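This briefing is for a reader who has not seen the structure before. It starts with one residue and then moves on to the wider fold.

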Amino acid sequence: MTFSSGARLDLAPLYRSCLFSSREPQESHMRVAQEFSEHNLRWKRGTVDTVMYRARASELSVVMLRYGAEIEITPRPFDDFALLHLTLKGMAEIESDGKRVALAPGRSALLAPRKDLRMHWQEDSEQLIVKIPGSMLRACSPGNDPMAQLPSVALSSPTAEHQWATLIQLLLLATHGPGGIGGIGGISGDSALAGNWIHHFEHAVASYLLVQHGEAHAPAPAPQPPDRQQQVQDLEQQRLEAMDAYMRTRLGAPIGLIDLAKAAGVSVRSLHTLSLKHHGVSPMEQLRLLRLDAARSFLLAQQQASVTDAALLHGFGHLGRFSAYYRERFGELPSQTARPMH
């Protein structure tokens, strides 16, 4: 599958393990309930042609589920796990605790319902589902109850598509143990080291989910005294200035979230929250905006400047996406800036 961001997701490791296939409604209902939770299942238009593929790493599992027919699912509320749904084919509509999201192919949403949940899958819809145990989420956020802080249903941002594709791809490789992750970090020949890598990677996936969805929905902190509020605000501003300065000195270099968090002196999760609070965008989106501004200045200042040079010098390796981002920000293509009409 290819995402709108250009990321690709190879599901071949998942398709090696078919849990079951059935054309019987009752068997389909029972087998899916065994994997997830008890639920009411209403069959609508189309022919029943259920298939479920499942791959497990250590604690996380990845499932591809297709019912064939159009269906409506009403599960019981669950509090011991969360689900990341990603639509591979067709459309899915999810409603939980009064909030509704629609998932087109390539879009994903988090499910952690505390009350009501209803899902409607279009005929021939295929869904990729990552099941994250509540115990893992709690281990990634000690002292808190992330299951209570997570929204009942939340649509992932388009900018997170590439990150989720990468994480799911690595997770699928990890489900095949040491042999499946051969070549990653040189751990293919050491099963103990591979198991340790899988454990840490799974927790990184859970932490990323909390960064994307948890902290933004956490209860607001108690009000601070005015002088304390100013101190906190000044410190937050210093953190962001350090992040921005680091970005500006490395506009053409590969930069990751961990690099930005180290530069700011905070965790990845805290940096994400600070950037949204003060910049209105995520740290990686802020980096992209700074790169676009610098690329535009380059094109305006350099006569006969090359659009390709402008893109590559400022960290854009894909010219098509660079042009799309540029037009979205400035209302014109980079080629129009480089060669203005007279």
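Ala263 counts as partly exposed because its relative accessibility is 27%, where buried means under 20% relative accessible area, exposed over 50% and partly exposed in between, with a 1.4 Å probe and protein chains only. The model is predicted, so local features need pLDDT of at least 70 and side-chain atom pairs count only at pLDDT 80 or more, while totals for chains, interfaces and linings use all residues. Residues are numbered from 1 along each chain as its sequence is written, and side-chain values use heavy atoms, with hydrogens and water left out.

**Ala263 and helix α9**

- Ala263 lies in helix α9; helices (H or I, at least four residues) and strands (E, at least two) are DSSP runs, numbered from the N terminus.
- Not counting residues up to four places away in sequence, Ala263 touches Ala242 and Tyr246, contact being heavy atoms within 4.5 Å.
- Ala263 and Ala242 are 21 residues apart in sequence, and their C-alpha atoms are 6.2 Å apart in space.
- Helix α9 covers residues 257–264, and in this helix Leu260, Ala261 and Ala264 are buried.
- Seen down the axis of α9, these buried residues fall within an arc of 100°, so they line one face of the helix; the arc is that of the directions from the helix axis to the C-beta atoms.
- Ile258 and Lys262, on the other side of α9, are exposed.
- Gly265 follows α9 and has a positive phi, near 80°.

**Overall make-up**

- The protein has 14 helices and 12 strands.
- Of its 342 residues, 46% count as buried.
- Among contacts with a separation of 6 or more, 69% are between residues 24 or more positions apart.

**Nonpolar cores**

- A nonpolar core is a set of buried Ala, Val, Leu, Ile, Met, Phe, Trp, Tyr and Cys residues joined through side-chain atoms within 4.5 Å.
- The largest nonpolar core has 34 residues, and those with the most contacts inside it are Leu14, Leu128, Ile132, Leu137, Leu150 and Ile168.
- Elements giving two or more residues to this core include β3 (50–56), β11 (126–133), α5 (161–174) and α7 (191–214).
- Helix α7 gives the most to this core, with 6 residues.
- Leaving aside neighbours within four places in sequence, the contacts of Leu137 include Ile132, Leu150, Leu209 and Leu210.
- A second, separate core has 24 residues, including Met52, Leu83, Ile94 and Trp121.

**The sheet**

- Seven strands form an open sheet in the order β1-β3-β4-β11-β6-β9-β12, with antiparallel pairing; two strands pair if DSSP finds at least two bridges between them.
- β1 (18–22) and β12 (153–155) stand at the edges with a single partner strand each, so one side of each is left without a neighbour in the sheet.
- β6 pairs with strand β9 (residues 108–111) in the antiparallel sense over 4 bridges.
- The bridge partner of Leu83 in β9 is Leu111.

**Helix packing**

- Helix α2 (residues 25–35) lies across β1, β3, β4 and β11, running at about 155° to β1; axes are lines fitted to C-alpha atoms, for helices over the stretch in contact, and angles run from 0 to 180 degrees between N-to-C directions.
- The axes of helix α11 (residues 283–301) and helix α13 (residues 319–330) come within 10 Å and cross at roughly 85°.
- α11 and α13 are therefore roughly perpendicular to each other, a term for angles of 65 to 115 degrees.
- Residues of α11, including Leu289, Leu292 and Arg296, meet residues of α13, including Phe322, Tyr325 and Phe330.

Methods. Parallel < 35°, antiparallel > 145°, perpendicular 65-115°, else oblique.
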